Amino acid sequence: MRPGRVPTFSVLVAAYQVSDVIGEALDSAFEQTLAPHEVVVCDDGSTDALEEALEPYRDRIVFVRKENGGEASAKNAAARAASGEFVTILDADDLYFPERLEALGELAAARPDLDILTSDALLEVNGEVARRCYTEGWTFEVEDQRAAILERNFVFGLAAVRRERLLAVGGFDESIRWTTDWDLWARLILDGALAGAVDEPLALYRLRESSLSSDRARLIRGRVTTLGKAARHPSLDARERAIVTRSLAAQRCELALVEARSALLEEDRSARRRSLAIVVGKGFSTTTRLKAAAAFLAPGRVGRRLRRRYGDSWVGAGGIRVARDAAEPAPSDAAQAPR
């Protein structure tokens, strides 16, 4: 791509049981100040009224239908059907603001060496904006992207990817459900791709309890799987191997904590065993060990206290804790990367 030329963008929408929301997403794609090259919708085996919802758009979209295989397989099918230089992800219940493609196009024209383009976004909970995606606790990495991607997913997921590079690395890994975006960015960056971001909130990402990112234990297991896969990448040097080893250890500790907390909340028989594993395990702070010891000695009492604290809330992307049936998010436990 020559410097100064704006590339073409194909918007990809993976659709499964989203007949009630997909129209708003598609409207946001067609209302871009820089028109998309095309909008590709992949129906991933929906059984709702998706076809009826798509009827007003059928002459303006490239439509792909397949058996249900998960979000990664739907994105791959859409990418194979696309013809733009970049394919850009739009989840069916999220929105692009009108200037998003234009801003990404300007970034691509100014930096033709970039293969992954994203922007900041607003995170919405129950119709209310909670905060921006990028914060002091979760920033977009500029200097050392290889090291950073082995520690955290710093690429906001509604990203644009150079289509040729996406297909060259095999697309999204369809065996991974929970962290498929992070896995893709890691493979691309470790293979030499560079990512860039527009520091403006140009999309609306809606936090939902039914979304993948709200299931903490499975999400963290996905991170462990993704990091384990990245650890086997042949290009890693000694410093990078040490980084991914530390990251894996941290995520395994986090998983142990989440699973122990879930067992206490649900009064599961494994609660004492899981608490003891934290007491004697490596990588936990003294405070955490003391809390785990209390849970081992009195799981019922600790479980009741946790239910009072967590029973009426859930954690979404960005580490935002959301009170059920409330418009305002509760304080987050920790900063976590969206997607």
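**Strand pairing, cores and side-chain contacts in a predicted model**

Leu122 stands opposite Leu204 in strand β9, where strands are DSSP runs of E with at least two residues and helices are runs of H or I with at least four, both numbered from the N terminus. The structure is a predicted model, in which local features need pLDDT of at least 70 and side-chain atom pairs count only at pLDDT 80 or more, while totals for chains, interfaces and linings use all residues. Residues are numbered from 1 along each chain as its sequence is written, and side-chain values use heavy atoms, with hydrogens and water left out.

The protein chain comes to 12 helices and 12 strands. Of its 339 residues, 52% count as buried, that is, under 20% relative accessible area, with exposed meaning over 50% and partly exposed the range in between (1.4 Å probe, protein chains only). Contacts (heavy atoms within 4.5 Å) were also sorted by separation along the chain: among those between residues at least 6 apart in sequence, 70% join residues at least 24 apart.

Strand β9 takes part in two pairings, where two strands pair if DSSP finds at least two bridges between them. Nine bridges join β6 to β9, and these strands run parallel. Two bridges join β5 (residues 95–96) to β9, and here the strands run antiparallel. Leu204 in β9 is the bridge partner of Leu95, and Leu204 also stands opposite Leu122.

Next come the nonpolar cores, each a set of buried Ala, Val, Leu, Ile, Met, Phe, Trp, Tyr and Cys residues joined through side-chain atoms within 4.5 Å. In soluble globular proteins, nonpolar side chains tend to be buried together. The largest core here has 80 residues, of which Val13, Ile22, Val41, Leu117 and Trp185 touch the most other members. Helix α7 gives the most to this core, with seven residues. Leaving aside residues up to four places away in sequence, Leu117 touches Phe9, Phe86, Leu104, Leu107, Ala108, Ala159, Ala160 and Gly196. Another core, of seven residues, lies apart from the largest one, and its members include Ala263, Leu264, Leu306 and Tyr310.

A pair of aromatic rings is described by the distance of the centres and the angle of the planes. Rings of Phe, Tyr and Trp (its six-membered ring) pair if their centres lie within 6.5 Å, and planes under 30 degrees apart count as stacked, over 60 as edge-to-face and the rest as tilted. The structure holds six such pairs. The rings of Phe30 and Tyr57 are stacked, because their centres are 6.4 Å apart and their planes lie at 5 degrees. This pair links distant parts of the chain, with Phe30 in helix α1 (residues 22–30) and Tyr57 in the loop between α2 (50–54) and β3 (62–66), 27 residues apart. Phe30 has 25% relative accessibility and so counts as partly exposed, whereas Tyr57, at 8%, counts as buried. The pair of Tyr134 and Phe140 is edge-to-face, since the ring centres are 6.1 Å apart and the planes are at 90 degrees.

Arg60 lies over the face of Phe30, at 4.3 Å from the ring centre. The charged end of Lys75 sits over the ring of Phe172, 5.0 Å from its centre.

Lys75 leads on to the salt bridges (a side-chain nitrogen of Lys or Arg within 4 Å of a carboxyl oxygen of Asp or Glu), of which the structure holds 22. Asp181 forms one with Lys75, the closest N and O atoms being 3.2 Å apart. Asp181 lies in helix α7 (residues 180–190) and Lys75 in helix α3 (residues 71–81), so the pair ties together parts that are 106 residues apart in sequence. Both Asp181 and Lys75 are buried. In the salt bridge between Glu124 and Arg206, the closest N and O atoms are 3.2 Å apart. Glu124 lies in strand β6 and Arg206 in strand β9 (residues 195–207), 82 residues apart, and both residues are buried. Salt bridges that share partners also join Asp173, Asp183, Arg187 and Lys229 into one network.

Key
Lys NZ or Arg CZ within 6 Å of the ring centre and 35° of its normal.
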